[in-house]
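Here is my note on the model, as numbered points. Please read it with the structure open.

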Amino acid sequence: MNSFALPSTTNTGLNSGLDTAASDYVARVSYQPSAALTFTSRFRFSETDFTLQRTELETVWPPLAAGPTTVMYGNYAAQPLIGFLDRREGILGTARLKLDPNWVLLAGAGYDIHAKSLTQTQVGVGYIDDCLILALNYITSYAYSGSVTVNHSYMMQISLRTLGGTTSTGGQGVSPLGCWDIRQLALAAPLG
């Protein structure tokens, strides 16, 4: 029995591509004319009749030395099984500003083209070094159904960058980037 095909309180498996024996067809094309500019397109086609289900067009570029700015257009077919009764179309923009080599500020906003309204705003701060990523984001989401519903949320990210990495030097237990190599620490741990 495929558990993704079973209805639940959130129906997250339905329309995911994991709920059927054959998933939809996906394609991605990326073009990078320079080190500073990347264009990426992603598509999802129905496995039954090849109709276009999802489109994402994304541009990433670093203006000056501030950090990457991303603009993405998305067009998604209705997914009534998971609560999206109508086709969705929107634009998402994000920007990062490097304060110094380790600290970054970020901001973003989403816009619904059909509703002609803002769907989300985000501001955050992050710390990034060779070993670790720490980020805290404040997100405001807007829902429009007769009246405006505003939802405020916080998101915290903690990532160990070398977890599962394969680069190391000698038997020192430290990678060339100065981070502890988890594989070597695990091998050096006493058994029993």
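1. Terms and basis. Contact here means heavy atoms within 4.5 Å. This is a predicted model: local features need pLDDT of at least 70, side-chain atom pairs count only at pLDDT 80 or more, and totals for chains, interfaces and linings use all residues. Residues are numbered from 1 along each chain as its sequence is written, and side-chain values use heavy atoms, with hydrogens and water left out.

2. Overall layout. The chain has nine strands and one helix. Helices (H or I, at least four residues) and strands (E, at least two) are DSSP runs, numbered from the N terminus. The order along the sequence is β-β-β-β-β-β-β-β-β-α. Of the 192 residues in the chain, 21% are buried. Buried means under 20% relative accessible area, exposed means over 50%, and partly exposed lies in between (1.4 Å probe, protein chains only). Among contacts in the chain with a separation of 6 or more, 22% involve residues 24 or more positions apart.

3. The loop between β2 and β3: S46. S46 sits in this loop. S46 is buried, at 9% relative accessibility. Leaving out residues up to four places away in sequence, S46 touches D24, Y25, T51 and Q53. The side chains of S46 and D49 are joined by a polar contact of 3.3 Å. Such a contact is a pair of N or O atoms within 3.5 Å; within protein, one must be able to donate a hydrogen and the other to accept it, and residues adjacent in sequence count only if both atoms are side-chain atoms.

4. Aromatic pairs. How many aromatic pairs are there? The rule: rings of Phe, Tyr and Trp (its six-membered ring) pair if their centres lie within 6.5 Å; planes under 30 degrees apart count as stacked, over 60 as edge-to-face and the rest as tilted. The count comes to four aromatic pairs. Y25 and F50 form a stacked pair, because their ring centres are 5.0 Å apart and their planes are at 15°. Y25 is in strand β1 (residues 25–34), and F50 is in the loop between β2 (37–45) and β3 (52–61), so the pair links distant parts of the chain, 25 residues apart. Y25 is partly exposed at 42% relative accessibility. F50 is exposed, at 53% relative accessible area.

5. A second pair. Y138 and Y154 are tilted, because their ring centres lie 5.2 Å apart with planes at 40°. Y138 belongs to strand β8 (residues 132–145) and Y154 to strand β9 (residues 147–160), so the pair ties together parts 16 residues apart in sequence. Y138 is partly exposed at 29% relative accessibility. Y154 is exposed, with a relative accessible area of 65%.

6. Backbone points to check. Which phi values are positive in F50 and K116? F50 is not a glycine, yet has a positive phi of about 60°. K116, also a residue other than glycine, has phi near 55°. K116 is in the loop between β6 and β7 and is exposed, at 64% relative accessibility.

7. The largest pocket. The space in this pocket is about 600 Å³. On a 1 Å grid over the protein atoms alone, a pocket is an open set of points where a 1.4 Å probe fits, with protein on both sides within 12 Å along at least five of seven lines; lining residues have an atom within 4 Å of a point. Grid points are joined across faces, edges and corners, and a volume is the space filled by probe spheres set on the points. The lining has 21 residues, with F84, R88, Y111, D112 and T119 nearest the centre. At least two lining residues come from each of β4 (69–76), β5 (88–98), β6 (103–112), β7 (117–128) and β8. β5 gives the most, with five. By class, the lining has eleven nonpolar, seven polar and three charged residues. Ala, Val, Leu, Ile, Met, Phe, Trp, Tyr, Cys and Pro count as nonpolar, Asp, Glu, Lys and Arg as charged, and the others, Gly among them, as polar.

8. The second largest pocket. This pocket holds about 290 Å³ of space. Its lining has 18 residues; R96, L106, Q122, N137 and Q157 lie nearest the centre. β5, β6, β7, β8 and β9 each give two or more residues to that lining. The lining of the second largest pocket divides into eleven nonpolar, six polar and one charged.
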